[in-house]
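Subject: Structure handover

Hello,

Here is the structure I promised to pass on. Please load it before reading further.

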Amino acid sequence: MKKTSYNMACFLLIMLLSLPVAGQEKMISVQAENKSLSLVLEELSETAAIRFAFDADYFSEIKVNLQYEQVLLTDFLNELSKKYHLLYDEMDGTYVLYRNPAPLPEPKPELITFRGKVFDQNTGEPLLFCNVGLGEQQGTITNELGIFSAKVEKAADIRVQISHLGYRQLDTTLQIASQPFHQLELAPFDIHIETINVYQQEKNVLELGSQPDRMAFNPKQSENLPRIDDSDLVTALTLIPGVNFLGGENAGISIRGGSPSENLILLDGMPVLETSHLFGNLSVLNAKYISQAFVSRGAFDARYGERISGIVELTGKSNYYRPSLDLSANLLNVNATGTVPIGKVASLSGAYRKSYIDQWENYLYRQILEQGSPSGEDESAVVPTVAYDDLNFKFSLTPSEKQEISISVLEGNDLQDREFLFNENSRLYRNQQADSKNRGISGNWRYQPNTNWQLHLNAGYNELERSSGSIAGLQPNRQGKGGKEELDTDDNQLQELIASMSAEWTTGNYSHAFGFGFNHDQVSYTYLSKRTTGAIQSDSINYDSKLTILHAYLQEKVQLTDRLQARLGMRVNHENQQNKLYLQPRWGMSYDLSDAVKLFYSGGTYYQFLSRIRKIDSNGNSDLVWYLPDSAGMGILESQQHVLGFRYEKNGLSVDVEPYYKSTTGKLNLYAETSGGKEKTIHYVQRSGEARNYGLDALVHYKQGIFTHMLAYSLSESVERFEVFNNGQDYPSFDDQRHRLRWTEMARYKSWIISTNLTYHTGSPFLMTEGESSQEFGRLPFFVQADFSLIKRWNYKFFTLSSGVSLLNFLNRENVLEIDNFSIADEAGSYSVRTDVTAMRFTPVFFFNIKLQ
């Protein structure tokens with residue numbers, strides 16, 4: 001107690017002794033506007049009785065602006081020294097001020113915000129993700145409204161360089177203070193004019209861009225490459241290594257070994273559920289309707305979810321300046337695309353494509369669709385009948401330069417009938433028919449209320465109906481006996497309702513993104529089989545499920561240095577069936593070694609709930625069925641992904657190399673299993689499994705005068721493992737192709753365009769039928785196809801004509817796409833039939849196009 005009292009007394013004594021010392025320092029007030037510093041100190045000396053010593057001549061040249069109210073004298077002198085590069089000392093009550101002998105520090109530049117919006121010069125469409133260079137080193141990109149914003153040094157003017165795939169580079173000097181918001185237009189490469197002066201080093205087919213997880217491709221180039229249909233977007237899409245379009249019955253876009261349903265294909269924010277026409281020879285994506293396209297091949301950031309493989313982002317055309325109409329016809333279909341501006345603030349655009357090969361069975365129809373040839377008594381050829389059409393429509397409204405509202409509609413219909421023709425001596429018959437309808441609508445509102453904020457609201461509805469049936473059998477013999485028949489029918493329906501909100505807020509070197517939303521899915525599947533074959537009966541399948549999936553995400557991006565950028569995000573899903581949360585951390589980093597070289601890495605966790613699983617029948621044939629996870633959670637896909645990358649871009653040369661690794665658990669297949677004694681029954685059993693995909697994608701793109709050289713190569717392996725199946729051991733997945741090479745050359749001279757394309761890939765695996773081999777899996781022969789095209793354009797004042805020819809598979813190689821098997825038995829024995837479904841042989845394709853504008 002005594003010790004505590006002693007300490008308190010000492011403390012009070014120290015406080016009392018310090019009061020006079022603190023009271024000796026004066027409090028001063030200074031008000032000066034554009035006065036010399038010598039005059040300010042003289043006035044302060046008189047009013048506050050403070051003695052100063054200084055160089056009157058030097059201090060009289062220093063003009064100051066000072067506003068201080070009741071501050072300590074030492075605080076005033078410290079601020080004065082920092083602001084005007086001075087030093088001071090206190091000597092016997094006099095404050096001596098003098099010039100600081102150290103060199104002056106570099107002045108910090110004053111920064112201001114430079115903002116603008118980039119448009120298409122011909123249509124007024126905002127251009128997404130343009131590369132914008134400001135000054136010598138600083139750069140940024142435009143957002144989903146075509147708007148950019150960056151802090152730049154205050155100056156009279158600034159050099160602006162803007163580049164975008166398919167457009168001439170803009171290189172100009174702008175007065176910074178001339179207007180608060182700059183409207184900038186890019187001129188597209190006009191592929192119709194005959195002069196040669198447009199052939200610059202800007203890339204016009206593929207562009208790597210400044211975003212490491214996204215690659216751009218030009219939809220307009222689809223019509224300049226060898227193809228079946230000049231409006232098929234996949235022609236240009238598959239120029240990207242790692243992107244493949246699977247042909248055959250279960251066709252679709254495959255990215256880095258993933259199945260088609262594992263990709264998120266967005267058309268104006270609306271998921272596209274069906275992606276193929278014509279038995280996989282054509283996609284539903286109409287290139288003449290698409291204005292901009294971007295691809296992410298995996299390990300994408302937290303803003304995207306509910307898919308584990310890749311993302312294809314497509315933007316439909318708008319035109320706010322003048323109307324246009326594009327009409328084309330080839331041997332398969334007719335296509336019309338049009339845009340109509342309404343008062344320069346609204347736009348109507350649409351496209352309609354319809355086949356007529358079911359009415360006009362020309363030679364192209366026979367080359368594409370008549371697959372295989374009957375060489376033995378029980379071998380068959382396939383003669384299909386096909387009809388398809390698709391419709392796209394979009395209404396766009398721009399109430400102001402910082403917001404856009406759009407409503408988009410799509411519809412697609414397919415009717416596919418395959419008649420199997422056997423030799424005259426065969427009693428077998430078989431027919432397959434499939435009918436699908438895909439309809440969707442979506443709405444988008446994009447708004448940027450100020451420089452730092454972006455907001456996007458999206459809602460949509462999509463439905464897909466697919467019905468198919470197969471009838472096969474054995475005709476009765478001459479005595480009218482032994483007739484057998486098998487009938488299979490299935491119906492798969494999917495409805496999906498989506499809504500989401502996403503926002504991004506930028507502050508200095510930080511970018512904060514967040515959002516939330518939901519997906520409500522409903523899937524039904526019915527399968528019925530009636531068999532009189534031997535003593536085998538087949539189970540029916542009845543499946544109906546609903547699932548609501550909520551999502552939310554938060555993502556941070558930071559510019560750590562001028563060359564180093566990092567991002568860290570978290571996406572969370574909640575599904576109502578099991579009432580569980582699914583955490584998905586995602587991260588990435590990029591480093592610019594120089595202006596031309598970029599290194600990057602990205603990775604994370606990804607979940608998918610809605611998917612298409614394989615139903616594999618007793619003959620080894622597979623079909624894809626839309627599926628939602630069951631009550632136990634079977635069918636929820638979880639993927640871990642990692643991607644490294646190296647990019648080089650300079651003087652028209654682009655090089656991109658990306659090794660990747662992806663592992664997936666929770667996969668599900670339906671396998672036909674036979675059980676029972678004398679009267680056997682076929683059951684379809686769910687089997688869970690996992691998959692691994694890893695490899696390396698490499699791209700070289702070089703623009704050299706009138707020539708464009710592109711080489712894309714993929715080295716990959718895709719393996720799966722399912723319980724019970726293949727003794728629980730790894731086996732090559734149905735989408736596995738070890739090597740894939742595509743070499744494309746394009747040359748433009750005046751109004752002529754010549755292009756060649758060579759495609760090679762190793763054969764895909766297929767399941768062997770019982771008794772065909774001791775192995776469970778076989779592999780198709782390797783695929784090789786060489787194509788050539790020649791296009792001529794005539795440019796007139798109000799319209800452009802173009803015509804051309806594509807020589808497809810001019811090496812006339814027989815390429816097998818898939819194997820189809822079926823078997824039927826009676827008292828006399830078993831009949832097994834294998835049909836090789838082949839791609840087209842050598843086929844010339846002609847087209848004609850007129851564009852009014």
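This is a predicted model: local features need pLDDT of at least 70, side-chain atom pairs count only at pLDDT 80 or more; totals for chains, interfaces and linings use all residues.

Six strands make up an open sheet with mixed pairing. Their order is β13-β14-β21-β22-β17-β18. The edge positions go to β13 (206–207) and β18 (270–271). Each has a single partner strand, so one side of each has no neighbour in the sheet.

For β13, that partner is strand β14 (residues 215–217). The two run antiparallel and are joined over two bridges.

The salt bridges

How many salt bridges does a search of the whole structure find? The count is 27.

Start with Arg446 and Glu144. Their closest N and O atoms are 3.0 Å apart. Arg446 belongs to strand β28 (residues 428–447), while Glu144 is in the loop between β8 (138–141) and β9 (147–153). The pair therefore ties together parts that lie 302 residues apart in sequence. What about burial? Arg446 has 16% relative accessibility; buried means under 20%, so Arg446 counts as buried. Glu144, with a relative accessible area of 24%, is partly exposed.

Next, Arg353 and Asp229. Their side chains form a salt bridge at 3.3 Å, N to O. Arg353 sits in strand β25 (residues 346–355), and Asp229 in the loop between β14 and α5 (234–237). Parts 124 residues apart in sequence are thus tied together by this pair. Are Arg353 and Asp229 buried or exposed? Both are buried. Note that β14 comes up in the sheet as well, as the strand paired with β13.

Finally, the network. Which residues do salt bridges with shared partners join into one network? They are Arg256, Arg297, Arg647, Asp656, Glu658 and Asp697.

Best wishes

Conventions. Residues are numbered from 1 along each chain as its sequence is written. Side-chain values use heavy atoms; hydrogens and water are left out. Two strands pair if DSSP finds at least two bridges between them. Helices (H or I, at least four residues) and strands (E, at least two) are DSSP runs, numbered from the N terminus. A salt bridge is a side-chain nitrogen of Lys or Arg within 4 Å of a carboxyl oxygen of Asp or Glu. Buried means under 20% relative accessible area, exposed over 50%, partly exposed in between (1.4 Å probe, protein chains only).
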